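Reader: I am new to this structure; could you walk me through part of it?

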Amino acid sequence: MKTKKQKRQGDFQKIQLKVGKKKPKADNATNVNFRSKAIHLPEQLKHADSGPTTHRQLDIKDLLSKLHHINSNIKQGALVGLRELLSAQPTLIELHASAVLSEVAALFTDKDGSVRAAAVRLLRFIAQCISAERVAPFFPLLSAHLTCAMTHISEAIQEDALRVLDVLLEHYPGLLSQRHTVLLTNFLELISQKRKAGTGQDKSGKGGFALTISTNRSVTAQQWRLTVLLRLGSFLQAVVEERPLEEGVTSMIGLGMWAGEKGSVTSVDVSWEEHVFGKGRIQVFENSGAVPTPHSTYRLRPDSKAVAGMNKELCSAETVQGFAGTLVPLMLEIWVEAAGGDRVQTDSGHLLSAEAMALMFQILTILQLLRRLTPQRDQQDILDAWFRNSYLTDFKHHFMKNFPYGLLEVARHRKKADGKRQQQVATGTVAGGNVEPLALNVTLCQVMVTLSLRGQDHVEAEDADWLGTIRVFIRETLSNGGKLSSKHLAALLEVVWRMIVTQRSRGEAGFLYFFFFNKGLLNLKCSFSLSFRSRILARWLASLPVQLVQLCSRNPQLSAQLLETIHPAAARGNKDLLQSLQKNACSIYDPQEGSVVVLPVESQKRLVQILHFLPTFPAELLACLSQVCNTGRVSASLATMLIRTIHLRSPLSGWSSSSQDVPVKDVDYLSFFFTTLTGFSSEMLQALQDTDEDGLMPSSTLSPLSVFTTTLEQFLHHWDVVEEVCHCLDTLGSRAQCFDVIQNAIIKNLCGLVVVPDCVCAAILRCVPRLLDVNFLPSDTLLHFLSDCCLSMLSLLLQLEQSARKRDAVWEACFAAMSTVPRLLRLVLQSLHVGDLCEEELPVLAQILSLLLQHTQLRNHMMANASLLQHIIQDLTHFYGGETREQWLTDLLYCYSVTLSGHRANMGMRDIY
Amino acid sequence: MSAPVEVVLSADSAGQLFNCAVFDPHSGSEFLSYRGGNTSSRSLTVLNGEYILGAQLGKNFINVWEIQRKDQLQQKIVCPGIVTCLCASPDGLYVLAGIAEAIYLWEMSTGNLLAILSRHYQDVSCIRFTDDSSHFVSGGKDNLALIWNLSSVVQLDSSRTPEPCHILSRHSLPITDIHCGLMGPQARVATASLDQTVKVWEVSSGEMLLSVLFDVGIMSVTFDPCEYFLFCGGSDGNIFQVSLCSTSLSRDKTFQTDSDGNQVFKGHRNLVTCLSVSMDGTLLLSGSNDETVRMWDVQSKQCIWSINHKGHVTNAVIIPAPANMFLADSHPAVPLPRFSRHLNPSEQGDGTGSGGMCLRLGASTQEREGTYLEKADELYSLMCAVTDKSVFGDGENTKVRVSELEEEVKTLKKINKDLYEFSTQLLTKPN
């Protein structure tokens, strides 16, 4: 009972609550410890079966409809989705181009910045995929929206409109340039506003527009103008470049006359199969189609689209004048503001901040482009005259006042302070961000010089002051530095040319020109077209080789240009040039640091070709050339070409008919070839005798000469050279005499050497059998040396694992030598004294012998020395004390028996018949 | 023995056996030889089928033989300098000689020196006429080849110095040989150069048509008459055959031997200095500095025969056999005049040309006439007109033809309509 009671108490125990203790939780308390989330469905569950979709299962129709949504986030998402979809399915672009483009274009003027940015990104992507022809039908729409955005009241939209313009300029410059009428005024309105009618009238000289300054832009007015001008510049560039080039318009720039007549050749492809049976006649073009027949009126497509319209509008001087009339005053104002902003005058020039400099550069570029807008020559002259009349005083006043401009270096610390703002600008002014002061100055010169008029005396005096400044600047620029890039040089050249054309004071200009010649700038065409200055030309030509030497490898392009001039001049036998070339030949063709080894391959080739025109080849030059061939810094094919050139220039080759002048003396010729053959000068060989390098193989009984192994590369290079040398020597008239000379040279220079490079051995072994005349008996000394070489090379052969090519070459040389000169084989065999060999050398000897025996063509010669051979083999077996028969010995004996039996069989056959 | 159609004429620099000799192209047996002196390279030429002219090596005169009198040197023409190359026009009216860097032009009927052209900057190495004698091409050691119009060179107006029609300046080393194809002014010219290329040009425009790069300098070049192949003699003794019918469209190519036409004739051991192809294009003659002349079968690339000479072969050419060559008692139709050494014979006052009259075109007639292609066009339209008239001339044929054409127009219209309907349906269909 008690237990039952106790149990009941346990069930209904009263829990006492105490002060200070936590109240325990009731068992049935609700846990509120959870969070709820809304369910968000960015993608559809249903699979749209009608076409490809994004990863959110939205197809293109959905996306396009979302572009009209009021929420900008959704619009942006739709744009991103479109980009994803189109990049995954490029074919969709073609299908929906019209819809996509029109919708995207509508978003150029969206009020939300992120949407616009996404729209521009999408446009950039689409532009990469669609060619200009396909966009052309939609382009009016695009440009309308662009115009709308550019003239939008919101400044942020205006800024983004420039991004759109960037994209279009990059991908569709041609299409955009047809819209210039609207766009040009838009550009103006971006940086300025129309004057009120009243104020516009009284300042008629300043044009109808005034610069605007808005305070609430994110960038300063100057930066904004810079971005706008950059775009304007690139737009005008597009207009100029996309213009269909008409005939006779080539002289658009001053340099046009030097452009040369490089007729582009269009090939006429005729497939004969079609015409064999067809009745249709083949249209053959006069002059191989290089010049189309003028009578043909047939056009594939009438060029009605705005090209004609542009010609009507932008080619004439009047229209350009009209536009320039408003633009130039604006730009002058900008210039004044930029120049006035930070005025630091030092003796080196007027210093400007980088930003101002970029702005000024843009202004000048635009001025240049304006001038180029008219293609016709006469129109251009009208325009020039107009510019001069209207703006010369302004230009002189503003541009030339502080003429040589410099960069202000102190602007650095300010950058940190407002780095963020700078960064924003940097995105807008990518291209115009950093302009060298030199570029600015040169462009300024170009602009100013176009204003100077041709051949009028009375204006010359008034121009003299500012032209003088320019002249001083040019002279200083040229004299104090070779740092000019080719672009600047070309520009400067143009300036100088223009000055010469316009000015009568030839003396001064002539000096400048000579300066330019000295810089080695002009290509040949121009120099020959200016042959009236023949004395200067001659001096200039004569100075070219010297410059080539001095230039060395510093400026390969300039060197190539120099060579381009030297080559034809040398070919035409210009005396001054040839004299100078002759004088400097040794340094040009120096094997260590001459131009021929340091320049790139193309120039090397040209140098070798120029060699052909040298009047004489003195011994020193030939020594240089021989080393050039062998040092491996010119390719083997070039070395071959060089050797051939010398061969052809020598009277021994029998090509050159004129006998009175001897460019290469026979003695020099032969010594050149011998030096090239050995590949090592006597000093180098002498030095080798004393060295103790690891490439050296010590001499032994089997290898009487200590062989210096050259690198594989060097060996193969030398091998190719030797091939050509042998060929040239082979074609000389009297073989016997030639061989005699070579033999003497070898005996004198090489016999008696202890250390011989392997390539020299191979070369000697190669050339001797090729040059040997049947009736000529080689001397004993030579043969002994050759046998030493041969043996050394054979033992080297067995140690060569590195390259099959090298081994083949060595073996070929040895074999050729031994099979052509039977006495050599005998000498080799005689020099094999088995008794002197140590134990380790026996296998090597055996291998050599089996190699010789295995060769079929050598077999007969071996048999001629059968007794000698037998003796050696007997000795070999005798001295080899080992109990077991080794593999090499078995091989040797087998080879020997096969050879012997074959020989006997032959003999037997002969006996039978 | 019947007279051969073609003969081989060759000369060497030694001149021990003969100056030049005539061989049978098929057997290599010698027919005739002409003695006296020796001949420099590219300067042996046959004038009018009646005289053989050869410039003496290293001397300033030209040897002349009457073609039937082989032993006897007929005349020596003394020139102002060493003659480096010589060429007689195929019609036998003019002779060109390259003397140093100038080209001298003589008229054969009077012997007058008509022009001295000095447009080359260095020695002239080769001169060739086109087959109709209207143009000639000269190549020099200054890397230039010039195409000249003969009529503009011989014009009367002495105030204007004659200019070449085209300057071919794409070679980068001296030009060694030139070959002119057939077809007169529409011919193609091949130039070989030490810069390891052979280039083919068009005479009428001066455009480069093809450039082939080899491994070695090229010393001689020739076409076969059909211009199927280009043969190039290398300085290593190989002769390269380049197929001109290959379908590759690039202008610049590198020579590689292959099965379809680009192959090598191997046999010579030294510079191949002269090449010539027979009229039917089956035989190729080559002369080399290894002192042999070889005849090759083009098809099989085998050497048929070879003749040893005593010196470098300077000239070797296959020519149509002149009629007089084998008739010992024939005489030249025109006696060879004395060649004048000065430009204006009247100023000289020795009256060599007495009784003769020099005919030259006036400058006014030099003005542009229609080009050859335009003329060809005209001719073609004339021919077309004739055939049109004869074929479609009568009324019956025309009617039939017209009804046929109308029928065709109808069907075409129907097709067009169908196409239009189909596409409109496709476009207007609500998707």
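Author: Strand 18 of chain B and strand 19 (residues 208-213) of chain B run antiparallel and are joined by five bridges. Strands here are DSSP runs of E with at least two residues, helices are runs of H or I with at least four, both numbered from the N terminus, and two strands pair if DSSP finds at least two bridges between them. This is a predicted model, where local features need pLDDT of at least 70, side-chain atom pairs count only at pLDDT 80 or more, and totals for chains, interfaces and linings use all residues. Residues are numbered from 1 along each chain as its sequence is written, chains are lettered from A and ligands numbered from 1 in written order, and side-chain values use heavy atoms, without hydrogens and water.

Reader: In strand 19 of chain B, which residue is the bridge partner of T197(B)?

Author: Strands 18 and 19 of chain B form a hairpin with five residues between them, and G206(B) in the turn has a positive phi of about 75°. Across this pair, the partner of T197(B) is L213(B).

Reader: How many residues of strand 18 of chain B are buried?

Author: Buried means under 20% relative accessible area with a 1.4 Å probe, protein chains only. T197(B), K199(B) and W201(B) point one way, V198(B), V200(B) and E202(B) the other way, and all are buried. For strand 18 (residues 197-202) of chain B, the count is six of six.

Reader: How many residues does the contact take from chain B and from chain A?

Author: Contact means heavy atoms within 4.5 Å. The contact takes 36 residues from chain B and 29 residues from chain A.

Conventions:
Buried means under 20% relative accessible area, exposed over 50%, partly exposed in between (1.4 Å probe, protein chains only).
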